Amino acid sequence: MPELVFFSGTMDCGKSTLALQIEHNRSARGLAGMIFTRDDRAGEGKLSSRLGLVTDAVEVEDGQDLYVYLVDHLSQGGRADYVIADEAQFLAPEQIDQLARVVDDLGLDVFAFGITTDFRSKLFPGARGVGVGAARRGGRRVAGGGGGGPPPTHNARTIDGEMVVEGAQVVVGDVNQSAGEVGYEVLCRRHHRRRMTAASARAAALSPDVLPVPSS
């Protein structure tokens with residue numbers, strides 16, 4: 001039976017790499033996929049991973065009907081044996097419904113990939129929709145930091161290394177951005193609540209309050 005499968009996780013946990021792996025494995029078996037994406041870090045109409053792998057994709061636009069797009073593609077002699085939808089959190093809820101219809105009416109597997117919550121820990125509408133409609137869910141979690149601390153579970157937006165909690169829900173950025181640019185970090189719940197990013201953690205470690213007192 002065809003399924004809508006949702007692979008979710010934080011940023012930098014390998015979701016897009018998995019999407020590219022599924023595309024590679026299925027195309028190697030002679031299957032043809034339709035790839036949708038939106039606001040990928042590599043630019044319009046691209047599906048990319050931080051490993052440097054990239055492939056062409058259909059850039060989803062506001063108000064676009066993904067079910068109609070696929071029906072038109074197939075009606076004109078195109079081929080699609082499965083669908084990949086990366087950055088699914090940026091899709092509108094009705095577009096998630098259209099992907100579910102692709103599964104039910106066209107009999108195609110749909111593999112959706114995305115993060116569930118924004119930098120304020122609020123659900124993305126698209127992630128909420130695909131999470132509800134998915135027949136199966138696959139988790140992609142980054143490994144915890146050194147020292148056996150709690151696993152990173154929250155996405156944080158930063159500017160100059162400082163965590164921000166206000167602003168538009170969708171601002172394209174990436175981890176390891178240069179100073180002055182919008183960037184993102186993946187934090188554990190405790191550090192996210194305390195707004196403690198990597199930069200602030202380093203500053204705290206260098207604070208005179210926590211340095212050893214020299215002997216006289």
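Begin by selecting Arg 101 and Asp 105, which sit 4 residues apart in helix H3 and are therefore separated by about one helical turn; helices here are DSSP runs of H or I of at least four residues, strands are runs of E of at least two, and both are numbered from the N terminus. The two side chains form a salt bridge whose closest N and O atoms are 2.9 Å apart, a salt bridge being a side-chain nitrogen of Lys or Arg within 4 Å of a carboxyl oxygen of Asp or Glu. Arg 101 counts as partly exposed at 42% relative accessibility, and Asp 105 counts as partly exposed at 47%. In these terms, buried means under 20% relative accessible area, exposed means over 50%, and partly exposed lies in between, with a 1.4 Å probe and protein chains only.

Before moving on, note that this is a predicted model, in which local features need pLDDT of at least 70 and side-chain atom pairs count only at pLDDT 80 or more, while totals for chains, interfaces and linings use all residues. Residues are numbered from 1 along each chain as its sequence is written, and side-chain values use heavy atoms, with hydrogens and water left out.

**Other salt bridges**

A search of the whole structure finds 6 salt bridges. Select next Asp 62 and Arg 38, whose closest N and O atoms are 2.5 Å apart in their salt bridge. Asp 62 lies in the loop between strand S5 (58–59) and H2, and Arg 38 in the loop between S2 and strand S3 (46–48), so the pair ties together parts that are 24 residues apart in sequence. Asp 62 is exposed, with a relative accessible area of 66%, whereas Arg 38 is buried at 15%.

Then turn to Asp 81 and Arg 79, a salt bridge with its closest N and O atoms 2.9 Å apart. Asp 81 is partly exposed, with a relative accessible area of 27%, and Arg 79 is partly exposed as well, at 45%.

**Strand S6 and its partners**

Now colour S6, in which Tyr 82 and Ile 84 on one side and Val 83 and Ala 85 on the other are all buried, leaving both faces covered. In a regular strand the side chains alternate between the two faces of the sheet. S6 pairs with S2 in the parallel sense over 4 bridges, where two strands count as paired if DSSP finds at least two bridges between them. Within this pairing, Phe 36 stands opposite Ala 85. S6 is also joined to S7 by 4 bridges, and these two strands run parallel; the bridge partner of Tyr 82 in S7 is Asp 109. Selecting S6, H3 and S7 together shows a right-handed β-α-β unit, meaning that, with the strands pointing away from the viewer, the path from the first strand over the helix to the second runs clockwise.

**The nonpolar cores**

Which residues touch the most other members of the largest nonpolar core? Of its 26 residues, they are Met 34, Phe 36, Leu 70, Val 83, Leu 99, Val 102 and Val 110. A nonpolar core is a set of buried Ala, Val, Leu, Ile, Met, Phe, Trp, Tyr and Cys residues joined through side-chain atoms within 4.5 Å. The elements that each supply at least two residues of this core include strand S1 (4–9), helix H2 (66–75) and helix H4 (125–133), while the largest share, 4 residues, comes from H3. Apart from this core lies another, of 13 residues, among them Val 5, Ile 22, Leu 47 and Phe 111.

Select Glu 23, which is placed in helix H1 (residues 15–28). Glu 23 is buried yet has no salt bridge, and the nearest side chain of opposite charge, Arg 26, is 8.2 Å away. Beyond residues up to four places away in sequence, Glu 23 touches Gly 33, Ile 35, Tyr 82 and Ile 84, a contact being heavy atoms within 4.5 Å.

Finish at Thr 158 in strand S9 (residues 154–159), which counts as buried at 7% relative accessibility. Leaving aside neighbours within four places in sequence, the contacts of Thr 158 include Met 163, Glu 181, Tyr 184 and Thr 197.

Conventions: Lys, Arg positive; Asp, Glu negative; His and termini not counted.
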